[in-house]
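This briefing goes with the sequence and structure shown below. Please keep both in view while reading.

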Protein chains: 2
Amino acid sequence: MRKGEHTRTLILNEAVALASQVGLEGLSIGSLASRLDLSKSGLFAHFGSKEDLQVSALRQAQSLFQQRVFAPALKEARGLPRLRALFSNWLAWIERSDDFPGGCLILAACVEYDDRPGAVRNLLVAGQRELRGAVVKAIRLAIEEGHLAAGTDAWQLGFELFGVVLATHHDRRLLGDPRSLGRARDALERLIDAHRTTAA
Amino acid sequence: MRKGEHTRTLILNEAVALASQVGLEGLSIGSLASRLDLSKSGLFAHFGSKEDLQVSALRQAQSLFQQRVFAPALKEARGLPRLRALFSNWLAWIERSDDFPGGCLILAACVEYDDRPGAVRNLLVAGQRELRGAVVKAIRLAIEEGHLAAGTDAWQLGFELFGVVLATHHDRRLLGDPRSLGRARDALERLIDAHRTTAA
DNA sequence: GCCTATAACGAACGTTCGTACTAATATGTA
DNA sequence: TACATATTAGTACGAACGTTCGTTATAGGC
């Protein structure tokens, strides 16, 4: 009862790491088992199917994102401090490579499953909607706090913020451009400045 | 001599379409052959290896991008008109689904190969660097023409423009949000306004 | 209409895929 | 310690993978 949970977690962590490199679809049970010195059947017994493994791995990644990016940001004061923390944690999440040697698994899955119906896609879409909603909520709080102008379109700003994150991921991981992080920070400040209240 | 080229083009077009849905790595010779009513070996004979097929398919997609997005934009006048045309064509490229039923193959490959060394990645990186360079050049021309402020950081603006495109692709394809195109256009105009010369 | 280069075929290679069984082992508890 | 159960290993499966082979059909130039 206890041991199973433990190895299952071990499996999922390795699955997340491997899938970040080869994708959730490229993830194979055989290679994952050999990486963990487990038999293929022994590993498979923890999941009912490969799709279940994929869903579990994605859920693990989402949970990690929640606790690494979102949870710490919620400790910051409402408004711009929290929004800045959220963004900063997000960039650090992209930069860190201990959990995802092949880049953020969630972003990779977004492209891999944008046209592949199934349980993985459903979970992914739900997570992305929730994420965007949370970003928009943080922006709305910044408006309420008077840090951003009252006329600010929160969804539009959330959209553009997300774009900056995506571009950072692209330039950093594919092009290997170290300046991307600085560009991202500059872009955020420019976005904030553009929507700042004259009072602040 | 003639026939071979013809079927090779047919194969590549179908390969691009299929790879846009399952990825260049998920592309399999068997399924591609059956889609074209060809034998697996007959199709394989056109390429020396699967990697060659992948590289050829990517090159085909890049060539299509060049002629659909870039070439028409070059006919516009230097400066903002050309930059706007470039951006507009790019959005249309993302939106159109006749060539890529599964979304832009190039963007998909960017995520799929950001950590997968080889010929595909090399070609991809070269293409992305060239693309970004061309965007930056268009921005520089807009500065020279006096449409954008002299102090404008062309690389920074190119970075942010690319982010808007990525966010549009994400919201449109994964979340199915029809408002993403309008958001993209608004974001472009805001970016232009922020860097516009006071004279213009 | 022949002749040769090209193009496509069908079969088979060894490997790996996901999954289904059963047997053995480890674990937690009485 | 012994039992019950949860966890792993082992084996096998049909299918699909990329690739190679030898052969057949077909195309274009004389």
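How many residues does H7(B) have, and how far does H7(B) reach from its first C-alpha to its last? H7(B) has 26 residues and reaches 37 Å, close to the 38 Å expected at 1.5 Å a residue. The expected span is 1.5 Å times one less than the number of residues in the helix. This is a predicted model, in which local features need pLDDT of at least 70 and side-chain atom pairs count only at pLDDT 80 or more, while totals for chains, interfaces and linings use all residues. Residues are numbered from 1 along each chain as its sequence is written, and chains are lettered from A and ligands numbered from 1 in the order in which they are written.

**Chain A overall**

- Chain A has nine helices and zero strands; helices (H or I, at least four residues) and strands (E, at least two) are DSSP runs, numbered from the N terminus.
- The C-alpha trace of chain A spans about 65 × 35 × 30 Å along its principal axes.
- Of the 200 residues of chain A, 39% count as buried. A residue is buried if 20 or more other C-beta atoms lie within 10 Å of its own, exposed if 12 or fewer, and partly exposed in between, with C-beta atoms placed from the backbone.
- Among contacts in chain A between residues at least 6 apart in sequence, 64% join residues at least 24 apart. Two residues are in contact if their C-beta atoms, placed from the backbone, lie within 7 Å.

- The buried residues of H7(B) include B:Val120, B:Leu124, B:Val135 and B:Ile139.
- B:Gly146, with a positive phi near 85 degrees, follows H7(B).
- Helix H9 of chain B (residues 180-195) has 16 residues that should span 22 Å at 1.5 Å a residue, and its end C-alpha atoms are 23 Å apart, which agrees.
- B:Ser180, B:Arg183, B:Ala184, B:Ala187, B:Leu191 and B:His195 are the buried residues of H9(B). They cover an arc of only 100 degrees around the axis, which puts them on the same side of H9(B); the arc is that of the directions from the helix axis to the C-beta atoms.
- The face of H9(B) turned away from that buried side carries the exposed residues B:Gly182, B:Glu189 and B:Asp193.
- The buried residues of H9(B) pack against helix H8 (154-174) of chain A, and also against helix H5 (80-95) and helix H8 (154-174) of chain B.

**How the two chains meet**

- Chain B puts 33 residues in contact with 34 residues of chain A. H8(B) gives the most to the side of chain B that touches chain A, with twelve residues.
- Chain B can be laid on chain A with an RMSD of 0.1 Å by a turn of 180 degrees and a shift of 0.0 Å along the axis. The two copies are thus related as by a two-fold rotation axis. Superposition is by least squares on the C-alpha atoms of residues with pLDDT of at least 70 in both copies.
- B:Gly163 comes closest to the rotation axis of the residues of chain B, at 2.1 Å (C-alpha).
- The copies meet through the same surface, because 100% of the interface residues of chain B are also interface residues in chain A.

**Asp37 in both chains**

- Most residues other than glycine have a negative phi.
- A:Asp37 is not a glycine, yet has a positive phi of about 55 degrees. A:Asp37 sits in the loop between helix H2 (29-35) and helix H3 (40-44) of chain A, and counts as exposed with 6 C-beta neighbours inside 10 Å.
- B:Asp37 also has a positive phi of about 55 degrees.
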